[in-house]
Amino acid sequence: MLLVYALVAGVLFGLYFSLVGIGLNLVFGVMRIVNLAHGDFLMLGAFVAFGVATLAGIDPLFAVPLAFVIFLVVGVLLYWVLVPRLRGSVNPEMLSIILFFGLSQVIEAVTTIFFGTSERSIQSRALGTVFSTVKVRLFGGKPEVAGPIHIFGQGFPAPWVIAAVTSLVAIALVYLYLYRTRLGTLTRAVMSRRDEALATGIDVDRVSAAAFGIGLGLAAVAGVFAPFMFGSVTPAFGADATVTSFAIVVLGSLGNPLGTALGGVVYGVCYMLVQTYLSSWADLLPYVLLIFILLLRPSGLLGRRVRVA
Amino acid sequence: MPSAFRHALFIVVPLLAVLAGLPGVYQNHLLLFNFVVATICGPIVGVVILYGIYNLIGFTTPQYFQLIYGLLIMGLVLFLPAGLVSLATRRGWHVP
C-alpha cells in the first residue's frame, strides 16, 4: 500500500514537476540562453498566489491566469531589455548564465526587502473552493469542505490533484502552441536551426520574445502551486527551485520541451519513492539524478543527439 | 569595531580571500571582474570591491548587499562584459 501511495503521489508530483521545468526548457531550446532566474520567477508566482489569497480573499486558482499574464508581459519586456545586448557579446551563452545569476540575486533581494524572510503558506483548503461554490450554485445543496481525493483506495490532498490536472492542461496547451499554431511552428524552426530560420526571414527576435514570455509565465503558474506542494515558500526558495528544474530538464532532454513532461514524471516518482523509503536522503535527489543522467545518458532520456553548445 | 582594525580587515581579508578562496556562493563569481581580460589585478580589484561592500553592509543588511551584488553583475555583463580592468586596458595602460 505504501508503494501504491508513493507511485500515485509520484505521478501527481511528477506532472507538477513537468510544469516546473517546461518553461526553463522552452527558453533554453529557443534562445540557447540559460535562465538561472527561473526558480525566482517561480517564487514570484507563489507571491502572486499569496496576494490573491490574502488581499482579495478568493480561490488561489484565480492566480493562475493572473500570474501567467503578468509574467508573460514581464518576460517580453525583459527580453527586449536584456537579450539584444547579450547577443552582441563575445560569448552569449556563458554571459547569459552570469547575467541571469545576477537577475536572480536582484529578485531574491528585492523580494526579501519587501516581504521579509518568513515562511509563508496558504491554507490548503483555500485552493479549489471555486469548484464547491459553483457546485452549490448550480445544483444546490450545502457547501462541503473538500476532503482528500481517493485514487486506488489511497487518499491524496486535493491541492496535489488540482496542481497535477492544471499541469496537464498547461502541458497540453504548450503542445498545441508548438504544433498547431503558426507562431509555434516558427518557434520550432528557431529551435532546430537558428541561422536557417533567420535566413528564411523568420523574425527570430519576435519568436524568442514570445517563447521567453511564455517560459516565465509557465514558471509563475507553477509557482502558484508551490505553497501547496512544498508546504511553505520563502524568497530564498528560488535557488532550490532552479536546481530542481535543471535536474528535470536535463533528465528529459535539453531543448525539447515535451521531453520535460517525461523527465518530470520520472523525477516525481523518484522523489516520492525516496521521500517514502529514505526520507533523510530526499534533498540529495536532484544532484544525484543529475550526476547519473549526465554520466549515463548526457543527451537526456529522449535526446537524440548530445547538445553542442 | 575600532576603525583601524576595520581598515586592516579591509585590506587583509581580500588577500586572504584570494589565497584561501571565498566562502560560499561568492567564490565562483569573482572571475566576473577580470572576465576575458586575464590579468592578475582583475581578481584583486574584484575582491577589494566585493569584500569592501560586504564588510560595510553584508553583515547588517545582507539583502541590500545581495541587491547591489546582483545589480553590479547585471550592469557589468550588459555594459562592460570584459570587466572593470578593461577600462584601463582599453586606454592602452599596461595592467599586470
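Predicted model: local features only at pLDDT ≥ 70, side-chain atom pairs only at ≥ 80, totals over all residues.
Residues are numbered from 1 along each chain as its sequence is written, and chains are lettered from A and ligands numbered from 1 in the order in which they are written. Local features need pLDDT of at least 70 and side-chain atom pairs count only at pLDDT 80 or more, while totals for chains, interfaces and linings use all residues.

Me: Which helix of chain A gives the most to the side that touches chain B?
Reply: Two residues are in contact if their C-beta atoms, placed from the backbone, lie within 7 Å. By that rule, 16 residues of chain A are in contact with 13 residues of chain B. With 13 residues, the element that gives the most to the side of chain A is helix α4 (residues 92–115).

Me: How many residues on that side of chain A are nonpolar?
Reply: Ala, Val, Leu, Ile, Met, Phe, Trp, Tyr, Cys and Pro count as nonpolar, Asp, Glu, Lys and Arg as charged, and the others, Gly among them, as polar. On the side of chain A that touches chain B, 4 residues are polar and 2 are charged. The nonpolar residues there number 10.

Me: How many helices does chain B have?
Reply: Helices (H or I, at least four residues) and strands (E, at least two) are DSSP runs, numbered from the N terminus. Chain B has 0 strands, and its elements run α-α-α-α from the N terminus on. The number of helices is 4.

Me: What is the angle between α1 and α10 of chain A?
Reply: Axes are lines fitted to C-alpha atoms, for helices over the stretch in contact, and angles run from 0 to 180 degrees between N-to-C directions. Angles under 35 degrees count as roughly parallel, over 145 as roughly antiparallel, 65 to 115 as roughly perpendicular and the rest as oblique. Helix α1 (residues 2–31) and helix α10 (residues 237–252) of chain A have axes 8 Å apart and pack at an angle of about 80°. That makes the pair α1(A) and α10(A) roughly perpendicular.

Me: Are α6 and α9 of chain A roughly parallel or antiparallel?
Reply: Their axes lie 10 Å apart, at an angle of about 170°. Residues P159(A), W160(A), A163(A) and A170(A) of α6(A) meet L218(A), V221(A), F225(A), F228(A) and M229(A) of α9(A). This contact has 9 nonpolar, no polar and no charged residues. The angle makes α6(A) and α9(A) roughly antiparallel.

Me: Where does α3 of chain A bend?
Reply: The bend at a residue is the angle between axes fitted to the seven residues ending there and the seven starting there. Helix α3 (residues 63–87) of chain A has 25 residues and reaches 34 Å from its first C-alpha to its last. In α3(A) the bend is about 35°, at Y79(A).

Me: Is S253(A) buried or exposed?
Reply: A residue is buried if 20 or more other C-beta atoms lie within 10 Å of its own, exposed if 12 or fewer, and partly exposed in between, with C-beta atoms placed from the backbone. S253(A) lies in the loop between α10 and α11 (257–277) of chain A. Because 27 other C-beta atoms are within 10 Å, S253(A) is buried.

Conventions: Expected span 1.5 Å × (residues − 1).
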